[in-house]
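Please open the model in your viewer and keep the sequence panel beside it. The stops below say what to select next and what is to be found there.

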Amino acid sequence: MKKIVMPLLALVVSVSAATAQTAKDVFDRSVKLTYLGLDFTKARIVGDAAAKVDEIIDNHYPNINQKVVNEAKKFDVAGAFRREEVSTDIGPVNKRNAKIDPDNVKSDNSDDYQAMKPEDVAALVKGFDFAGKSGIGILIVMDGMNKTKKEISGYVTLVDMKAKKVLFTERVEGGLGMGFGYTNVYLTGIKKMIDAIEKKKYTEWKSTYGG
C-alpha cells in the first residue's frame, strides 16, 4: 500500500506546486489578473463628523466600486499593471462592504488613520471569499480617509486567490478631490492611487518582486 500512496502523494504535491502563484507571476504579461475592487471593511473615516455613515455604506461604497469598473479608461488598472485588459469581479467585495458595522467607521482620533499593518491585510485575505476563483487577484484594502489631511490610503494587494495568500502588498496614498458628493471626492483619490502605480510603483515592485 505504501508503494502506491507515496507516489500519489508526490504527484499531488507536484501538481499543487505547479499551480501555486508567485509574486513574479504578476509581472508576466501572459498571466491573467483579476481586479477584485476596494475592500472598505477596515477603513476609518477620520475628521469628518458630518459624514452620513449609513449612506456611505449603502450607497457610496458600492457606487465607488462600480465606477472604477465602468470607467476603466479613467481608472486604468489594466494599464497600471501593464496589461491590455484585466478581468473584474467586485461581487465578493460588495458583499463584504455591505456588512460593515456603522459604529466602526467614523473616528475623531488621528491615530486611526493608516493604523492597518501588512499582517492585518494578510488576515483579511485569509478570511476573504473569492467565490472559488483561482489565479492572481488585485485587491485594494482601504485603510482610511483623513479629511483633515485631504487624503486617502489603502494597501494595493496582489493575492493568490486559491491559496488565499498575499503575494505582496503596499500602502499607496492619494489626495482627495474637490468634486461634489462623497463618491466623486473619494474617486479622485483612488485615481491618484492607480496613477501612482502606473507611473512609479509598478516599476519599483517589479524590481523588488519580479526578479
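**Before selecting anything**

This is a predicted model, in which local features need pLDDT of at least 70 and side-chain atom pairs count only at pLDDT 80 or more, while totals for chains, interfaces and linings use all residues. Residues are numbered from 1 along each chain as its sequence is written, and side-chain values use heavy atoms, with hydrogens and water left out.

**Stop 1: the whole chain**

Followed from the N terminus, the order of elements is α-β-β-α-α-β-α-β-α-β-β-β-α. Of the 211 residues, 43% count as buried; buried means under 20% relative accessible area, exposed means over 50%, and partly exposed lies in between, with a 1.4 Å probe and protein chains only. Contact here means heavy atoms within 4.5 Å, and among contacts between residues at least 6 apart in sequence, 76% join residues at least 24 apart.

**Stop 2: the nonpolar core**

Select Tyr61, Phe81 and Ile190, the residues with the most contacts inside the largest nonpolar core, which has 61 residues. Such a core is a set of buried Ala, Val, Leu, Ile, Met, Phe, Trp, Tyr and Cys residues joined through side-chain atoms within 4.5 Å. The elements that each supply at least two residues of this core include β1 (33–39), α5 (118–126), β5 (136–146), β6 (151–160) and β7 (165–175), and the largest share, 10 residues, comes from α6. Around Tyr61, show Phe40, Ile45, Ile56, Ile100, Val105 and Tyr182, which Tyr61 touches when residues up to four places away in sequence are not counted.

**Stop 3: aromatic pairs**

Show the rings next: the whole structure holds 10 aromatic pairs. Rings of Phe, Tyr and Trp (its six-membered ring) pair if their centres lie within 6.5 Å, and planes under 30 degrees apart count as stacked, over 60 as edge-to-face and the rest as tilted. How are the rings of Phe81 and Trp205 arranged? Their centres are 6.3 Å apart and their planes are at 25 degrees, so the pair is stacked. Because Phe81 lies in the loop between α3 (77–80) and β3 (87–88) and Trp205 lies in helix α6, the pair ties together parts that are 124 residues apart in sequence. Phe81 and Trp205 are both buried.

Move to Tyr182 and Tyr186, whose pair is tilted, at 5.5 Å centre to centre and 50 degrees between the planes. These two tyrosines are 4 residues apart in helix α6 and are thus separated by about one helical turn, and both Tyr182 and Tyr186 are buried.

**Stop 4: the largest pocket**

Select Asp48, Lys147, Gly181, Tyr182 and Val185, which lie nearest the centre of the largest pocket among its 16 lining residues. The elements that give two or more residues to this lining are α2 (53–70) and α6 (182–209). On a 1 Å grid over the protein atoms alone, a pocket is an open set of points where a 1.4 Å probe fits, with protein on both sides within 12 Å along at least five of seven lines, and lining residues have an atom within 4 Å of a point.

**Stop 5: two buried helix residues**

Select Met193 in helix α6, which at 2% relative accessibility counts as buried. Beyond four places in sequence, Met193 is in contact with residues including Ile140, Met142, Ile152 and Val172, and Met193 and Glu173 are 5.8 Å apart, C-alpha to C-alpha, although 20 residues apart in sequence.

Then select Ala80 in helix α3, which counts as buried at 0% relative accessibility. Leaving aside neighbours within four places, Ala80 is in contact with Ile194, Ile197, Glu198 and Tyr202.

**Stop 6: two loop residues**

Finish at Gln114, in the loop between β4 (106–107) and α5, where phi is near 60 degrees, a positive value in a residue other than glycine. Lys150, in the loop between β5 and β6, also has a positive phi, of about 55 degrees, although Lys150 is not a glycine.
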